[in-house]
Amino acid sequence: MSIDWAALGQVFGVTLVVTVGIVGLFTVGIVGTSRKPQQEGGAVALAVPAAGARAGAVAAFALCAAAVAYGIYLIVAA
């Protein structure tokens, strides 16, 4: 039995890039939906994220879900 080191390196590289990409997208989604405290006078109020930020967060979460679903499809189809 021999190991194809080039193929193993390709799998490692693609896995690393896709993992970092999905984690980055999920982070963008979390940041887009987070509430940040704002000072108004003497009280601290929680600001609701803007509609654009929320839409971007939903899109990021949808891309994460699509990537996970595609991975499951690849595993089940084999």
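**Exercise 1.** In what order do the elements of the protein run from the N terminus on?

*Solution.* The model is predicted: local features need pLDDT of at least 70, side-chain atom pairs count only at pLDDT 80 or more, and totals for chains, interfaces and linings use all residues. Residues are numbered from 1 along each chain as its sequence is written, and side-chain values use heavy atoms, leaving out hydrogens and water. Count the elements: two helices and two strands. Helices (H or I, at least four residues) and strands (E, at least two) are DSSP runs, numbered from the N terminus. The order is α-β-β-α.

**Exercise 2.** Find how helix H1 and helix H2 cross.

*Solution.* Take H1 as residues 5–33 and H2 as residues 51–77. Their axes (lines fitted to C-alpha atoms over the stretch in contact, with angles from 0 to 180 degrees between N-to-C directions) come within 8 Å and cross at roughly 150°. The two helices are therefore roughly antiparallel, a term for angles over 145 degrees.

**Exercise 3.** Which residues of H1 and H2 make the contact?

*Solution.* Contact means heavy atoms within 4.5 Å. H1 gives Ile22, Leu25, Phe26, Val28, Gly29, Ile30, Gly32 and Thr33. H2 gives Ala53, Arg54, Ala57, Ala60, Phe61, Leu63, Cys64 and Ala67.

**Exercise 4.** Which residues of H2 are buried?

*Solution.* Buried means under 20% relative accessible area (1.4 Å probe, protein chains only). Ala57, Ala60 and Cys64 of H2 are buried. The buried residues of H2 pack against H1. In the protein, buried residues make up 8% of the 78 residues.

Methods: Parallel < 35°, antiparallel > 145°, perpendicular 65-115°, else oblique. Buried < 20%, exposed > 50% of the residue type's maximum accessible area, 1.4 Å probe, protein only.
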